[in-house]
Amino acid sequence: MISTWEPEVPSFWQSRGKPTANRNLWISIPALMLAFAIWMVWSVVVVNLPSIGFKYSTNQLFWLAAVPGLSGATLRIFYSFMVPIFGGRKWTAISTASLLIPALGIGFAVQDPHTSYPTMLVLSLLCGFGGGNFASSMANISFFYPKAQKGYALGMNAGLGNLGVSAVQFVVPLVITAAVFGGEPQTWVKAAQTKQVWLQNAGFIWVPFIVVSTLAAWFGMNDLASAKASFAEQAVIFKRKHNWLMCWLYVGTFGSFIGYSAAFPLLTSTLFPQVNPLQYAFVGPLVSALARVAGGYVADKLGGARVTVWTFVAMIAAVLGVLHFLPHDGNPGNFMGFFGMFLLLFACTGVGNASTFRMIPVIFMTLHQRAASKQTEAVKAQAVVNANKEAAAVLGFTSAIAAYGAFFIPKSYGTSIALTGSADAALWCFIGFYVSCIAVTWWFYARKGADMPC
């Protein structure tokens with residue numbers, strides 16, 4: 001455990017802080033990538049289940065795609081507070097190792113088409129372990145970097161970590177075509193096309209990487225004494241207005257990213273049955289992840305609030321574009337237009353993810369420094385420590401609330417299609433929510449004379 005950590009002191013940062021922080025960051029990133037891969041693996045698996053003999057309804061398939069979002073978001077609430085209690089090194093290793101449970105479980109379950117639907121739901125719930133990891137990972141990395149570089153650090157951790165979504169949607173369709181880990185193949189049948197697949201590889205392929213990442217975290221990362229805090233100390237965030245406001249905004253950015261990622265393959269398969277969604281699904285999350293890395297840098301330069309406002313404006317335009325290209329009243333729609341608008345939407349979510357997360361440390365540092373502005377130097381120094389602890393807890397908690405998007409967006413599509421025959425109603429609801437996000441960001445953070453400009 002490192003007992004002294006002062007990233008805001010330039011001499012400390014250059015001599016000791018930066019190398020240690022970067023080492024922890026570069027071990028954290030692949031661990032987070034694997035967490036996202038396990039969290040979103042069902043987005044690919046559900047598309048293949050009907051073709052290998054699983055007799056589930058469309059609504060049941062949407063549930064399997066949505067349930068990891070529900071469990072992952074709920075776990076994030078608890079994971080948000082784990083790093084200050086257990087330490088970043090220990091908790092990263094433990095939470096990464098937990099991914100072995102759903103990875104192995106899926107690998108065995110999909111080999112038997114008679115596996116019960118409740119069993120599949122349980123495995124879907126267990127994939128929430130991957131979703132929970134994001135909250136603790138972001139909270140942990142936020143402790144290591146000075147205020148001026150938090151946007152970069154959080155953008156790198158989250159942006160490259162988000163690549164796990166793209167990776168799972170790119171890798172799984174490839175690895176299920178060969179007997180990588182042995183076992184009996186399944187016969188895949190769709191539209192008079194027949195082939196052999198090994199769907200168990202969708203789970204097994206991640207096992208060796210999870211083991212290596214767990215060991216790297218245990219032996220290569222650090223715990224910080226200054227990050228230690230009890231749950232009671234962190235619970236002060238529930239009294240902070242800005243915690244709840246940022247939850248709302250992060251639902252609009254990260255909630256959209258993870259919800260669209262979870263639902264896109266199944267939505268495409270439903271609306272455009274002639275298209276193989278797995279040929280395209282990985283591109284959206286990839287664009288979003290890379291945009292998040294760039295967004296952290298841009299938000300550091302231009303300010304998180306300004307970037308966030310314009311991101312939501314662009315997201316509204318993109319959803320309107322999606323609506324324009326959907327199938328309607330006998331019109332088969334235009335898949336390439338639909339896909340292009342979703343790529344724009346994914347890019348916007350990536351930028352917005354970074355800009356909103358950049359806002360949080362700035363807000364809480366400003367809040368505490370204002371309160372201590374007329375106090376002694378010792379009080380001012382403690383204010384910085386308290387601000388970092390609160391910001392870390394808020395980063396985790398807002399990511400927990402936002403992660404419910406991985407449940408509500410797929411279920412919104414499923415409900416909209418079931419009730420109206422189309423996804424239009426769900427998309428119009430998303431537009432209304434983005435309008436409210438613009439209003440909140442502008443009033444509290446972006447306008448001249450705002451309560452907390454950032």
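A: A crossing of two helices is called left-handed if the near helix is turned anticlockwise from the far one by less than a right angle, and right-handed if it is turned clockwise. Helices (H or I, at least four residues) and strands (E, at least two) are DSSP runs, numbered from the N terminus. The model is a predicted one, in which local features need pLDDT of at least 70 and side-chain atom pairs pLDDT 80 or more, while totals for chains, interfaces and linings use all residues. Residues are numbered from 1 along each chain as its sequence is written, and side-chain values use heavy atoms, with hydrogens and water left out.

The packing of two helices comes first. Helix 3, residues 58-79, passes helix 7, residues 117-126, in a right-handed crossing. The angle between helix 3 and helix 7 is about 30°, and their axes lie 7 Å apart (axes are lines fitted to C-alpha atoms, for helices over the stretch in contact, and angles run from 0 to 180 degrees between N-to-C directions). On the side of helix 3, the contact (heavy atoms within 4.5 Å) is made by Q60, W63, L64, V67, P68 and S71. These residues meet Y117, M120, L121, S124 and L125 of helix 7. Eight residues of this contact are nonpolar, three are polar and none is charged; Ala, Val, Leu, Ile, Met, Phe, Trp, Tyr, Cys and Pro count as nonpolar, Asp, Glu, Lys and Arg as charged, and the others, Gly among them, as polar.

On a 1 Å grid over the protein atoms alone, a cavity is a set of points where a 1.4 Å probe fits but cannot get out, a pocket is an open set with protein on both sides within 12 Å along at least five of seven lines, and lining residues have an atom within 4 Å of a point. Grid points are joined across faces, edges and corners, and a volume is the space filled by probe spheres set on the points.

The largest pocket has a volume of about 480 Å³. Its lining consists of 23 residues, and W188, K195, N276, L278 and Q279 lie nearest the centre. Two or more lining residues come from each of helix 2 (42-48), helix 9 (150-175), strand 1 (186-190) and strand 2 (193-197). Helix 9 provides the largest share, four residues. By class, this lining has 13 nonpolar, eight polar and two charged residues.

The second largest pocket, of about 350 Å³, is lined by 15 residues. Nearest its centre are W5, E6, P7, V384 and V385. Helix 16 (335-371) and helix 17 (377-402) give two or more residues to this lining, and the largest share, five residues, belongs to helix 17. Eight of the lining residues are nonpolar, four polar and three charged.

Two cavities reach 30 Å³ or more. The largest cavity, of about 80 Å³, has S28, A31, L32, V83, W91, T92, S95, T96, N133, S136, S137 and N140 in its lining. At least two residues each are supplied by helix 1 (10-40), helix 5 (88-97) and helix 8 (128-144). Four residues of this lining are nonpolar, eight polar and none charged.

The second largest cavity has a volume of about 50 Å³, and its lining includes V83, G87, G88, N140, F143 and F144. N222, D223, L224, A227 and K228 also belong to the lining of the second largest cavity. Helix 8 contributes the most here, with three residues. The classes are five nonpolar, four polar and two charged residues.
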